[in-house]
Amino acid sequence: ASQPTPKAGTGHDPLPSWNDGPVKRAILRFVAAATDPESPGFVPAADRLAVFDLDGTLWVERPTYVDLLFAEDRARFLIAGDPSIADNPPYADLVALDDGRRAALTDDDVLGLVLQSFAGMTPEEYHARAVEFLETARNPLLDRRWVACTYVPMLELLRFLDANGFATAIASAGDGDFVRAHALPVFGIPRARAIGTSC
């Protein structure tokens, strides 16, 4: 079992993966002050909130956003079941998609793929498919499961803040339901504090 993350000021290093530089020291000073009732920087526990971006901050965003790969995976499943739809948008673009074309997709292209690929699916079905995808899909660049593509220093920071009475949250431009599917199991952040885009 993992050891509990030390609170600020206990003499143990709660951020062992961080370089010992000005950023780490600033974090430690801030948390120590925020949790010390005698400090001018004290923050009551009810007001302690730390909000994080997701892609590129808590986990990798390459070769592209994981929720887009999730939609692509679903679209390919639908095309395999009915090849005739491969000639229709948004699937026609997907059939010939490579990393270069993926980077050129507009927000409307991505939205169309997401909406069409999951049309008619209940929230419960979507959640179950998202969880299954995250448990099985692999990042094609790193050849590891997506849930293992997190930044260890950021996981340490989340645990450190939690141990010091901070509520942590995610605010992402990614699909909200997809973000909520992995916020708790991957980052320890409750679904209610995982905010994303609603299509």
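Modeller: Two strands count as paired if DSSP finds at least two bridges between them. The model is a predicted one, and the pairing below is read from its atoms.

By that rule there is an open sheet of three strands, in the order E1-E4-E5 and with parallel pairing. Strand E1 (49-52) and strand E5 (194-197) are the edge strands, each pairing on one side only. On average, neighbouring strands of this sheet are turned by 20 degrees against each other, direction ignored. In general, the strands of a sheet are held together by backbone hydrogen bonds and may pair parallel or antiparallel.

Take the E1 side of the sheet. Four bridges join E1 to strand E4 (residues 167-175) in the parallel sense. Opposite Leu49 stands Ala167 of E4, and opposite Val51 stands Ala169 of E4.

On the E5 side, E4 and E5 run parallel and are joined by three bridges. Ala171 has Ile195 of E5 as its bridge partner. Between these two strands the chain passes through helix H8 (residues 176-187), and this β-α-β crossover from E4 to E5 is right-handed. Ala181 has its C-alpha atom 6.0 Å from that of Val131, although the two are 50 residues apart along the chain. Val131 belongs to helix H6; its relative accessibility is 24%, so Val131 counts as partly exposed. Phe187, with Val186, is in contact with Thr150; the other contacts of Thr150, leaving aside neighbours within four places in sequence, are Leu58, Trp59 and Leu155. Thr150 sits in the loop between strand E3 (144-145) and helix H7 (152-163). The cut-off for buried is under 20% relative accessible area, and Thr150, at 15%, counts as buried.

Pro63 lies in the loop between E1 and H2, and the peptide bond leading from Arg62 to Pro63 is cis, with omega near 10 degrees. Most peptide bonds are trans. Helix H2 (residues 66-81) has 16 residues, which at 1.5 Å a residue should span 22 Å; the C-alpha atoms at its ends are 23 Å apart, so the two values agree. The buried residues of H2 are Val66, Asp67, Leu68, Leu69, Phe70, Ala71, Glu72, Arg74, Ala75 and Ile79.

H2 meets helix H6 (residues 123-136): their axes come within 11 Å and cross at roughly 105 degrees. Angles of 65 to 115 degrees count as roughly perpendicular, and H2 and H6 are therefore roughly perpendicular to each other. Val66, Leu69, Phe70, Asp73 and Arg74 make the contact from H2, and Tyr126, Arg129, Ala130, Phe133 and Leu134 make it from H6.

Asp143 is in the loop between strand E2 (138-139) and E3. Its phi is near 50 degrees, a positive value in a residue other than glycine, and Asp143 is exposed, at 54% relative accessibility. Most residues other than glycine have a negative phi. Ala32, in helix H1 (residues 22-34), is partly exposed, with 33% relative accessible area. The C-alpha atoms of Ala32 and Phe42 are 8.6 Å apart, and the two residues are 10 apart in sequence.

Last, the chain as a whole. It has eight helices and five strands, which from the N terminus run α-β-α-α-α-α-α-β-β-α-β-α-β. Of its 199 residues, 38% are buried.

Terms used: Residues are numbered from 1 along each chain as its sequence is written. This is a predicted model: local features need pLDDT of at least 70, side-chain atom pairs count only at pLDDT 80 or more; totals for chains, interfaces and linings use all residues. Side-chain values use heavy atoms; hydrogens and water are left out. Axes are lines fitted to C-alpha atoms, for helices over the stretch in contact, and angles run from 0 to 180 degrees between N-to-C directions. A crossover is right-handed if, with the strands pointing away from the viewer, the path from the first strand over the helix to the second runs clockwise. The expected span of a helix is 1.5 Å times one less than its number of residues. Buried means under 20% relative accessible area, exposed over 50%, partly exposed in between (1.4 Å probe, protein chains only). Angles under 35 degrees count as roughly parallel, over 145 as roughly antiparallel, 65 to 115 as roughly perpendicular and the rest as oblique. Contact means heavy atoms within 4.5 Å.
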